[in-house]
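Okay, everyone, thanks for coming.

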Amino acid sequence: MSKNVTIYTGTFTKINGEKRTMSFIRKGDLPSSMVNENTIKNLEDRTGSEVVFDTENRQFRQFNWNTVQGDVTETSSTFTF
């Protein structure tokens, strides 16, 4: 399934101090069949972190908005799920 979505790219500092750059799709842009609320709830345990779909690893991950380095960019693209 392909869908036109906004893909965000940003760098943040992980809990262990490492920097990570991630391209991701926010859950509101995902097909409803992909959003499992139990999975999301299990990942939503840290304040400032948002559960997102990592486009490179093709898995749900957390993006920490509290430790963002620089700007988070947005691009519109067609993504195949």
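So, let's start with contacts, meaning heavy atoms within 4.5 Å. Of the contacts in the chain with a separation of 6 or more, 58% are between residues 24 or more positions apart.

Quick housekeeping. This is a predicted model, where local features need pLDDT of at least 70 and side-chain atom pairs count only at pLDDT 80 or more, while totals for chains, interfaces and linings use all residues. Numbering starts from 1 along each chain as its sequence is written, and side-chain values use heavy atoms, with hydrogens and water left out.

On to the inside. A nonpolar core is a set of buried Ala, Val, Leu, Ile, Met, Phe, Trp, Tyr and Cys residues joined through side-chain atoms within 4.5 Å. The largest one has nine residues, among them Val5, Ile7, Val51, Phe53 and Phe79. β1 (2-13) and β3 (49-54) are the elements giving two or more residues to this core. There's also a second, separate core of six residues, including Tyr8, Met22, Phe24 and Phe63.

Last one: look at Phe79. Leaving out residues up to four places away in sequence, Phe79 touches Met1, Ser2, Lys3, Val5, Ile7, Ile25, Phe53, Thr55 and Arg58.

Methods:
Buried means under 20% relative accessible area, exposed over 50%, partly exposed in between (1.4 Å probe, protein chains only). Helices (H or I, at least four residues) and strands (E, at least two) are DSSP runs, numbered from the N terminus.
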